[in-house]
Amino acid sequence: MDPGSTFRARSAFKLVEMNDRYKFLNGARTVVDLGGAPGGWSQVVAKEMEKGSKGVVTETSKPIDAGAEEPTLDSPDGGEAVRPTLSRKIIAVDLLPISTIPGVITIQGDFLAPETRRRLVQTISPATGVDVVLSDMAPNMSGNRLRDIDLSLELCTMAFDFAKDWLVTAQETGKPHGGVLV
């Protein structure tokens, strides 16, 4: 990764360092970024996928409303938007809006809400599952230490449950290890 790269968040540089060391994004076909705003981690994933495959989609994604019917990407010819049928997908989910990142499907909604998780699951191909789950979710702090810890643990548990249900195993990918970063 170019050291002069501009990312939306400083934490993106830590993700670059971790991937340089552990190579968990190499060969990934589907990556889910939970708590994706402002988009720094998704930027890293998009750049890594672009380096690793000439077949990566680089169209600008269209944010997905958690209540919308079908997730879509803008059509390259300016025509009607189409449901993504990508060989590689990056899906970012956050309560806050995420500005457009080329090749990233965004879903704005609360990950704890069943409707948002339903929209996310509709975007994932059941045939391929998810290769990497990234989670940088954090609750809005209330100032009540016990409540804040409980909310944080709830988010971690939900991210873990999602990964348990959708993450492909190392054996399925042929890698020495799988990929979850919480």
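Hi everyone, this is a short walk through one predicted protein model, from its overall make-up to a few single residues.

The model is predicted, so local features need pLDDT of at least 70 and side-chain atom pairs count only at pLDDT 80 or more, while totals for chains, interfaces and linings use all residues. Residues are numbered from 1 along each chain as its sequence is written, and side-chain values use heavy atoms, with hydrogens and water left out.

Let's begin with the whole chain. It has 5 helices and 6 strands; here helices (H or I, at least four residues) and strands (E, at least two) are DSSP runs, numbered from the N terminus. Read from the N terminus on, the order is α-β-α-β-β-β-α-β-α-α-β. Of the 182 residues, 45% are buried. By buried I mean under 20% relative accessible area, with exposed over 50% and partly exposed in between (1.4 Å probe, protein chains only). The accessible surface comes to about 9,900 Å², and carbon and sulfur atoms hold 53% of that; these areas come from the Shrake-Rupley method with a 1.4 Å probe, and for residues only the protein chains shown count as cover. Now for contacts, meaning heavy atoms within 4.5 Å. Among those between residues at least 6 apart in sequence, 66% join residues at least 24 apart.

Helix α1 covers residues 11–22, and its 12 residues reach 17 Å from first C-alpha to last, close to the 16 Å expected at 1.5 Å a residue. That expected span is 1.5 Å times one less than the number of residues. Which residues of α1 are buried? They are A12, L15, V16 and N19. Seen down the axis of α1, they fall within an arc of 105°, so they line one face of the helix; the arc is that of the directions from the helix axis to the C-beta atoms. On the face of α1 turned away from the buried side sit the exposed residues K14 and R21.

Helix α4, residues 145–166, has 22 residues and reaches 32 Å, close to the 32 Å expected. Its buried residues are D148, L151, L155, M158, A159, F162, A163 and W166. Viewed down the axis of α4, these lie within an arc of 135°, so they too line one face of the helix. The other side of α4 has exposed residues, including R145, D150 and K164, and also the leucines L146 and L153. At the N-terminal end, N144 caps α4, with a side-chain oxygen 3.2 Å from the backbone nitrogen of L146.

On to the interior. A nonpolar core here is a set of buried Ala, Val, Leu, Ile, Met, Phe, Trp, Tyr and Cys residues joined through side-chain atoms within 4.5 Å. The largest such core has 20 residues, of which L25, V31, V44, V45, V132 and L134 touch the most other members. The elements giving two or more residues to this core are α1, α2 (40–52), β3 (89–94) and β5 (132–135), and α2 gives the most, with 5 residues. A second, separate core of 18 residues includes I91, M137, A163 and L167.

Let me zoom in on strand β1, residues 30–34, where we find T30. T30 counts as buried, at 3% relative accessibility. Leaving out residues up to four places away in sequence, T30 touches M49, K89, I91, T128, G129, V130, D131 and V132. The C-alpha atoms of V31 and A92 are separated by 8.4 Å, though the two are 61 residues apart along the chain.

Finally, some backbone geometry. Most residues other than glycine have a negative phi, and most peptide bonds are trans. K23, in the loop between α1 and β1, has a positive phi near 55°. At 42% relative accessibility, K23 counts as partly exposed. Where is P38? P38 lies in the loop between β1 and α2, and a cis peptide bond joins A37 to P38, with omega about 10°.

Technical notes: A polar contact is a pair of N or O atoms within 3.5 Å; within protein, one must be able to donate a hydrogen and the other to accept it, and residues adjacent in sequence count only if both atoms are side-chain atoms.
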